[in-house]
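I opened my notebook to keep track of what I looked up in this structure.

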Amino acid sequence: MTIAKQPRRPSPESGGRAYAQADLDNQRYLNLLGERIRGLRLQHGMTRKTLAGQSGVSERFLAELESGNGNSSILLLRHLARALDVPLSSLVFEGPPPTIGLAHATEFLAHLAPDELNDVQQWLVQRFGQVHSENRRGRIALIGLRGAGKSTIGAALAKKLNVPFFELDRLIEKTSGVPLSAMFDLYGQNGFRRFERSCLDELLAQHTRFVLATGGSIVSESGTFKRLLDSCYAVWLRATPADHMKRVIAQGDMRPMAQSSEAMADLKRILAEREPLYAKADLVVDTSKSVVPSALTAILSAARQSLDPETI
């Protein structure tokens, strides 16, 4: 058991449309996969029979796969990738194919030593990392584990600053049309992450001033978390595991009491794993002992030099 809400199956009323959308999304992906395999096969001048012979995949199944009607296992796709002399990732990635420039850059970086990669990363940050610096002014994003006080402090902070307050999880529910508890059943982890990134990007495109309460696991998706750090002044609301647990129970979630010792051990492990990521925030505010007014004072005082003067 973990602090995260456990997924449950949605009712037909709330989830029927989402199931249909999920099926459509799956079929589109299978079509894309089939087109990609067929395109690579033709680029290599291979007949379907030749590719079937070299990969060990039957010609009949290969035909179904290329037409979007075959749902292949990862091992079969691995055999096909080897026969086509391409990385497995080039078959299974989602979205448009990478540009030639990106492909060449990725190939170049793959041969660098770890210290050389660090040098390249530092140069990229120095060269391009300031692009979003102005976008951070006027935006405050609260991060931290569930029960840290993000919703309560975020709403009060937004009222104090006279800016809109958003909860990213609620935006995801509104966009997807299903409750968060059903999200992972319908779309899986990757589907949830796509909604999370899409909602964050849309929010950033539409608003230059706001306070945002994020989900506790947003730090686990490196691309989305970097986008957040680049575009917002991030505040980690930190609390002790005991306080996290107590507040979750106070919210009406009694599941932590079912196996309290295991729940607390899981909570401590999750917090320990995420602490180095949460620590990337611009500001850390301990909410274990702080009441809302003192937390607001700490945030406003520390952020005064970084935020838009019109916001403070």
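Predicted model: local features only at pLDDT ≥ 70, side-chain atom pairs only at ≥ 80, totals over all residues.

**Entry 1: Leu300**

I started with Leu300, which lies in helix H14 (residues 292-303). For the labels: helices (H or I, at least four residues) and strands (E, at least two) are DSSP runs, numbered from the N terminus. Residues are numbered from 1 along each chain as its sequence is written, and side-chain values use heavy atoms, with hydrogens and water left out.

Is Leu300 buried or exposed? Leu300 counts as buried, at 12% relative accessibility. The cut-offs are under 20% relative accessible area for buried, over 50% for exposed, and partly exposed in between (1.4 Å probe, protein chains only). I also looked up Leu161: Leu300 and Leu161 are 139 residues apart in sequence, but 9.3 Å apart in space, C-alpha to C-alpha.

**Entry 2: the whole protein**

I stepped back for the totals. The protein has 14 helices and five strands. Of its 312 residues, 39% are buried. I then looked at contacts (heavy atoms within 4.5 Å). Among the contacts with a separation of 6 or more, 73% are between residues 24 or more positions apart.

Next I looked at a helix pair. Two packed helices are described by the angle between their axes and the distance between the axes. The axes here are lines fitted to C-alpha atoms, for helices over the stretch in contact, with angles from 0 to 180 degrees between N-to-C directions.

For helix H10 (residues 180-206) and helix H11 (residues 222-231), the axes come within 10 Å and cross at roughly 15 degrees. H10 and H11 are therefore roughly parallel to each other. The naming goes like this: under 35 degrees is roughly parallel, over 145 roughly antiparallel, 65 to 115 roughly perpendicular, and the rest oblique. H10 passes H11 in a left-handed crossing. Left-handed is the word if the near helix is turned anticlockwise from the far one by less than a right angle, and right-handed if clockwise.

Which residues of H10 and H11 make the contact? From H10 they are Glu196, Arg197, Leu200, Asp201 and Leu204, and from H11 they are Gly223, Thr224, Arg227, Leu228 and Ser231. I sorted the contact of H10 with H11 by class and got three nonpolar, three polar and four charged residues. In this sorting Ala, Val, Leu, Ile, Met, Phe, Trp, Tyr, Cys and Pro are nonpolar, Asp, Glu, Lys and Arg are charged, and the others, Gly among them, are polar.

**Entry 3: H2 and H4**

I checked a second pair. Helix H2 (residues 48-55) and helix H4 (residues 74-84) have axes that come within 9 Å and cross at roughly 115 degrees. H2 and H4 are therefore roughly perpendicular to each other. H2 passes H4 in a right-handed crossing. Leu51, Gln54 and Ser55 of H2 meet His79, Leu80, Ala83 and Leu84 of H4. By class, the contact of H2 with H4 has four nonpolar, three polar and no charged residues.

In helix H9 (residues 168-176), I found Leu168, Asp169, Ile172 and Ser176 buried. These residues cover an arc of only 100 degrees around the axis, which puts them on the same side of H9. The arc is that of the directions from the helix axis to the C-beta atoms. Strand S2 (165-167), H10 and strand S3 (210-213) are included in what covers the buried residues of H9. Just after H9, Gly177 takes a positive phi of about 85 degrees.

In helix H3 (residues 59-66), the buried ones are Phe61, Leu62, Leu65 and Glu66. Seen down the axis of H3, its buried residues fall within an arc of 135 degrees, so they line one face of the helix. Just after H3, Gly68 has a positive phi of about 85 degrees.

**Entry 4: loops**

Most residues other than glycine have a negative phi. Asp85 has a positive phi of about 60 degrees, although it is not a glycine. Asp85 lies in the loop between H4 and helix H5 (89-92), and is exposed, with a relative accessible area of 67%.

Last, I looked up Asp282, in the loop between helix H13 (260-278) and strand S5 (283-286). Asp282 is partly exposed, at 38% relative accessible area. Not counting residues up to four places away in sequence, Asp282 touches Arg136, Cys232, Tyr233 and Ala234.
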